[in-house]
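Hi,

Here is the structure I promised to pass on. My notes follow below it.

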Amino acid sequence: MAEMGSKGVTAGKIASNVQKKLTRAQEKVLQKLGKADETKDEQFEQCVQNFNKQLTEGTRLQKDLRTYLASVKAMHEASKKLNECLQEVYEPDWPGRDEASKIAENNDLLWMDYHQKLVDQALLTMDTYLGQFPDIKSRIAKRGRKLVDYDSARHHYESLQTAKKKDEAKIAKAEEELIKAQKVFEEMNVDLQEELPSLWNSRVGFYVNTFQSIAGLEENFHKEMSKLNQNLNDVLVSLEKQHGSNTFTVKAQPSDSVPAKGNKSPSPPPDGSPAATPEIRVNHEPEPAGAATPGAALPKSPSQSSLPAVVVETFSATVNGTVESGSGAGRLDLPPGFMFKVQAQHDYTATDTDELQLKAGDVVLVIPFQNPEEQDEGWLMGVKESDWNQHKELEKYRGVFPENFTERVQ
């Protein structure tokens, strides 16, 4: 019997719920059609709009914070891999190996600590803040349903009162149901009227605390990371000092808008004759002043056909002897830094403003480049002898020219 009674209660509850849903549906249809008035509370509706906005903003903040944490974790992994690479290439006999290893270890710990504190002080607080929204959202929806029940009970009671044939028993029962529906609705409504404005105002303090925590944690993290980076830099400076002679230098590349002469090879002489090769003679034995300068020519290699002039000058300063042609230093009739003379064997038409226009037979006084790095293979810097003799000016008359169009004469 007890089981049947239990089933009866359950069946009765289900039937009651179904009836409530039907009554609410009918009431809402009548309200939409304008055949039944609807209780309105504009202040509460504004609170609901604020609640939905606050929930949307909080949900986005939570999502972006999780993305930020994922990025911190990814950076941690990348930093860890980079330090592992440094440990692998750092040879055992290099100074500072132990210090570099300790720095890498502290780097790893610092990233882990930063991530964990972000979780504890920002993400968990964010989760707690958003945790109160589902319950309130459910209660707002329930209040809406109870409001429809109240309106429905009110309309039913009013219709019985205005009926031509009044049934006092039905009116009394309808009044009882109206009072009950009103009480349930008002209890929920009062609670939400207090909670929603309070929740809305709490967002300011929450945003301030959250972003202050993130900013403070990030500031401290970067301070500590800066110290580790400075320590690592000191270790690498020490390594550089010990192996300074093997330092790798990165040279600037020529601009695409101003192509270097090295990007194109000088055109071969018209008759295909081999390029003039500067012949360097070295005195292996000191000679008395005024004596002839004997010596053996250095063996030529194919690359010497475009030997840069600056190499000749550098070589002459580093061997125990003198370059036969000598330098123009101290000779007033030659340009500063004069190294040797060449004579054009073929006409050369300049293709750029910094090039010399040559006619076969022109003599050119070869001088060093102001910046040796600007010299391209196969090109020399010089001034025509005729221009120098007439003007004694380099800035306006000097220029570059292809070495393989000339032949050394002195």
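Is E194 exposed or buried? E194 counts as exposed because its relative accessibility is 56%. (Buried means under 20% relative accessible area, exposed over 50%, partly exposed in between, with a 1.4 Å probe and protein chains only.)

Two notes on the source. This is a predicted model, in which local features need pLDDT of at least 70, side-chain atom pairs count only at pLDDT 80 or more, and totals for chains, interfaces and linings use all residues. Residues are numbered from 1 along each chain as its sequence is written, and side-chain values use heavy atoms, leaving out hydrogens and water.

Overall, the protein has 7 helices and 7 strands (DSSP runs, numbered from the N terminus: helices are H or I with at least four residues, strands E with at least two). Of its 410 residues, 32% count as buried.

Back to E194. It lies in helix α5, residues 168-242.

Next, D387. It sits in helix α7, residues 385-391. D387 is buried but has no salt bridge (a side-chain nitrogen of Lys or Arg within 4 Å of a carboxyl oxygen of Asp or Glu). The nearest side chain of opposite charge is K384, 5.1 Å away (Lys and Arg count as positive, Asp and Glu as negative; His and the chain ends are not counted). Leaving aside neighbours within four places in sequence, D387 is in contact with K392 and Y397 (heavy atoms within 4.5 Å).

K392 belongs to the loop between α7 and β6 (399-402). Its phi is positive, about 50°, although K392 is not a glycine. K392 counts as partly exposed because its relative accessibility is 43%.

Best wishes
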